[in-house]
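User: I would like to learn how to read a protein model. Could we take some features in turn, with the general idea and then the case at hand?

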Amino acid sequence: MTTLWVFPGQSSQAVGMGREAVRRSARAAEFFSAAGDAIGRDLRALCWDVGIEELTRTENVQPALTAVTLATWIAVNELGLAPRDEADQFAGHSLGSLAAAAAAGYLDPIECVRLAAERGQIMASAPGGGSMLEVITPEQDDPATQLAHGLTLADRFGLDLAAVNGPTEIALAGASRQVAAAARELGDVARAVPVSNAFHSRFMTPVVPRWQAALDGARVRAGTGRYVGCAVPRVATGPDGVRDDLVRALDGPVRWHDVLQVTRRTATVAVVGPSRVMRRLLRPCLDDRPLLLVDEDHPWPTTRRAEPS
């Protein structure tokens, strides 16, 4: 039975995340310590002791969330919490793509956390003054139609399309003044995204070369699993395809609706790590597939069908 393993992205973080994985799994605890040593941070203190505002800072949340999701993945495997199949697929939403690449065998997990720390610092250094907006749209089952609708809406407000999250949701990004104007005009269907800048937009373009250089300096090896890109939504054919997807996602849109279409034939969907945001994004495309949750808020593992809350 094939599984789509989903790794959440930024905005999924919560104080206390990762505690259960480290408590249950000796290998996860060892990894958590080693990952913190590799980036010179006390990950336990960062994930468990600071306030949510400090944790949410881009340079903090990116290594923290990546370490938590990979520790959870390690615990899943050590404790035999879920069956594995050679045809399993691995996908991450934005930042989560790094952890998905590691789980699929393309990156060493410690190297993955180091890259996440560098990514967070790079993105935090991008030109400021931007913000993001989630927009609820009329339902579009076809990802190409929803993509076109999002691009049209972004052009209308002088913004960039940051994400196509599903058949009824997109995200826009750009200058805060223009985002605020879009929010006023769109009214109740628009909601501010709690981030510090306009991610997945032209605001990130100036720092793309630094992120490209970081990935070029990392060892992206031949994987053992099927990595599905979030910016290039197809199964990667090798390390170059994974690297290309990770680069493009920095200032290009997250095409999550396409990811869910590409992976629709998997029999089960599993969210690894904090699942609140991903449960919402997965809901429209689960069909009758069971949803496996491995996070702090549910007994390990929790299986639901069709309507995750």
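User: Is Cys 285 buried or exposed?

Analyst: A residue is called buried when its relative accessible area is under 20%. In this predicted model, Cys 285 has a relative accessible area of 5%, so it is buried.

User: How many disulfides does a search of the whole structure find?

Analyst: The cut-off to keep in mind is that the two cysteine sulfur atoms must lie within 2.5 Å. A search of the whole structure finds zero disulfides. For Cys 230, the nearest cysteine sulfur is that of Cys 112, 13 Å away, and Cys 230 is in no disulfide. Cys 285 is in no disulfide either; the nearest cysteine sulfur belongs to Cys 230 and is 16 Å away. Cys 230 itself is buried, because its relative accessible area is 0%.

User: What radius of gyration does the chain have, and what would a compact globule have?

Analyst: The chain has 309 residues, and a compact globule with that number would have a radius of gyration near 19 Å. The value for the chain is 18 Å, which agrees. Along its principal axes, the C-alpha trace spans about 50 × 45 × 35 Å.

User: What share of the residues is buried?

Analyst: Buried residues make up 58% of the 309 residues in the chain. The accessible surface comes to about 12,300 Å², and 49% of that belongs to carbon and sulfur atoms.

User: How many helices and strands are in the chain, and what share of its contacts join residues at least 24 apart?

Analyst: There are 13 helices and ten strands. Among contacts between residues at least 6 apart in sequence, 71% join residues at least 24 apart.

User: Which residues have the most contacts inside the largest nonpolar core?

Analyst: In soluble globular proteins, nonpolar side chains tend to be buried together. Here the largest nonpolar core has 97 residues, and those with the most contacts inside it are Trp 5, Phe 7, Phe 32, Leu 98, Tyr 227 and Trp 256. Helix H5, residues 58–78, gives the largest share of this core, eleven residues. Another core lies apart from it, with 15 residues, including Phe 157, Leu 159, Leu 172 and Leu 186.

User: How many aromatic pairs does the structure hold?

Analyst: A pair of aromatic rings is described by the distance of the centres and the angle of the planes. The structure holds five aromatic pairs. One of them joins Trp 5 and Trp 73, with ring centres 4.9 Å apart and planes at 75°, so the pair is edge-to-face. This pair links distant parts of the chain: Trp 5 is in strand E1 (residues 3–7), Trp 73 is in helix H5, and they are 68 residues apart. Trp 5 is buried at a relative accessible area of 0%, and Trp 73 counts as buried at 8%.

User: Where in the chain are Tyr 106 and Tyr 227, and how far apart are their rings?

Analyst: Tyr 106 and Tyr 227 form an edge-to-face pair, 6.4 Å centre to centre with 65° between the planes. Tyr 106 is in the loop between helix H6 (96–103) and helix H7 (109–124), while Tyr 227 is in strand E7 (residues 226–228), 121 residues apart from Tyr 106. Tyr 106 has a relative accessible area of 5% and is buried; Tyr 227, at 0%, counts as buried.

User: Which residues is Tyr 227 in contact with, leaving aside its neighbours within four places in sequence?

Analyst: Among them are Phe 90, Ser 97, Ala 100, Tyr 106, Arg 234, Val 242 and Asp 245.

User: Where is Asp 258, and is it buried or exposed?

Analyst: Asp 258 is in helix H12, residues 256–262. Its relative accessibility is 14%, so Asp 258 counts as buried. Leaving aside its neighbours within four places in sequence, Asp 258 is in contact with Pro 143 and Pro 233.

Definitions and conventions: Residues numbered from 1 in each chain as written. Predicted model: local features only at pLDDT ≥ 70, side-chain atom pairs only at ≥ 80, totals over all residues. Heavy atoms only, no water. Core = buried A, V, L, I, M, F, W, Y, C linked by side-chain atoms within 4.5 Å. Buried < 20%, exposed > 50% of the residue type's maximum accessible area, 1.4 Å probe, protein only. Helix = DSSP H or I, 4+ residues; strand = E, 2+ residues; numbered from the N terminus. Contact = heavy atoms within 4.5 Å. Rg over C-alpha atoms; globule rule 2.2 N^0.38 Å. Areas by Shrake-Rupley, 256 points an atom, 1.4 Å probe, with all protein chains shown as cover. Phe/Tyr/Trp six-rings, centres within 6.5 Å; stacked < 30°, edge-to-face > 60°.
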